[in-house]
Amino acid sequence: MNRSTSTDSHPLVSAEELAAELAAPAAGRAAPVLLDVRYEMGGPPGRPAYEAGHIPGAVYVDLDTELAGPPGDGGRHPLPDLGVFGAAMRAAGVSSGSRVVVYDGGQGWASARAWWLLRWAGHREVRVLDGGLAAWRGALSTAVVEPVPGDFAPVPGGMPLLDADGAAALARDGLLLDARAGERYRGEVEPIDAVAGHIPGAVSAPTAGNVAEDGRFLAPEALAARFKELGVWDVPQVGVYCGSGVSAAHEVLALEAAGVRAALYAGSWSEWTRDPSRPVATGPDRG
């Protein structure tokens with residue numbers, strides 16, 4: 001099984017820890033760059049919510065246009081063009097040596113997507129605000145921040161990535177987790193994509209099982225216990241997919257917090273089902 005390395009920063013930061021870091025940065029270190037990535041699937045853009053109130057100093061980043069490419073054969077949220085992503089990060093003030101904290105409205109999917117993209121693109125010091133803006137107890141600002149541009153240049157390969165063939169192979173030979181709700185995995189409903197069901201061999205592991213009632217991630221020990229029951233400790237490699245590659249990043253983040261390095265199938269179900277020759281399984285059992 002792939003384990004996260006001790007040199008990587010912990011992927012989560014509490015609201016209390018972040019407030020302390022912003023109030024009194026460590027000697028010789030700048031305060032972390034804050035990215036507001038609020039997003040609601042099928043809902044309005046997050047920028048109006050950002051302008052209505054955000055953590056002081058945070059810069060808004062749009063998931064649909066800066067953290068994903070245009071919908072198409074690669075799925076509903078394919079990986080963004082590296083030039084577009086890199087430009088967005090530099091405009092937000094991200095440099096290669098910056099500490100970065102990302103947050104969303106509380107669900108954690110969008111912030112996990114930003115975390116994963118930055119990590120995949122070679123940035124090491126990225127954390128997610130645990131519980132998102134809902135956990136923040138400090139003042140909010142309505143000022144639109146214009147940071148000094150950063151120098152971050154994406155270099156892919158910092159996190160493992162799967163394509164459709166790799167996901168199919170992992171479902172056979174390792175462990176491929178399906179992060180969607182159980183009813184979508186079983187094929188009982190499919191509110192978004194054209195085909196219901198799951199990748200044959202995948203195991204259902206909804207993201208709701210990663211968090212407590214307050215929306216914060218479970219403790220690492222509890223996450224490790226959850227993933228042990230799913231068989232994570234019994235295989236050499238773990239991968240995750242969801243509907244479009246966003247909520248799956250939440251599962252990858254939870255696995256990272258538990259000490260497991262997992263691969264992301266970025267195209268996910270929305271890419272898988274665009275090819276009618278790919279097999280589809282239904283029902284509650286590992287197919």
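Helices (H or I, at least four residues) and strands (E, at least two) are DSSP runs, numbered from the N terminus. The model is predicted, so local features require pLDDT of at least 70 and side-chain atom pairs count only at pLDDT 80 or more, while totals for chains, interfaces and linings use all residues. Residues are numbered from 1 along each chain as its sequence is written, and side-chain values use heavy atoms, with hydrogens and water left out.

**View 1. Pro 154 and its surroundings.** Pro 154 lies in the loop between β5 (126–129) and β6 (161–162). Contact denotes heavy atoms within 4.5 Å. Not counting residues up to four places away in sequence, Pro 154 touches Leu 82, Phe 85, Gly 86, Arg 90 and Ala 121. The C-alpha atoms of Pro 154 and Val 94 are separated by 11 Å, the two residues being 60 apart along the chain.

View 2. Two strands pair if DSSP finds at least two bridges between them. The strand order is β1-β5-β4-β2-β3, with parallel pairing. β1 (12–13) and β3 are the edge strands, each pairing on one side only.

View 3. β2 pairs in the parallel sense with β4 (residues 100–103) over four bridges, and Val 102 of β4 is the bridge partner of Leu 35. Parallel pairing also joins β2 to β3 (residues 59–60), over two bridges, where Tyr 60 of β3 is the bridge partner of Asp 36. From β2 the chain crosses through helix α2 (residues 47–52) to β3 in a right-handed β-α-β crossover (with the strands pointing away from the viewer, the path from the first strand over the helix to the second runs clockwise).

**View 4. Packing of helices α8 and α9.** Helix α8 (residues 220–229) packs against helix α9 (residues 247–257) at an angle of about 110 degrees, with their axes 8 Å apart; axes are lines fitted to C-alpha atoms, for helices over the stretch in contact, and angles run from 0 to 180 degrees between N-to-C directions. The two helices, α8 and α9, are therefore roughly perpendicular to each other (65 to 115 degrees). The contact involves Pro 220, Leu 223, Arg 226 and Phe 227 of α8 and Glu 251, Ala 254, Leu 255 and Ala 257 of α9.

Notes: Parallel < 35°, antiparallel > 145°, perpendicular 65-115°, else oblique.
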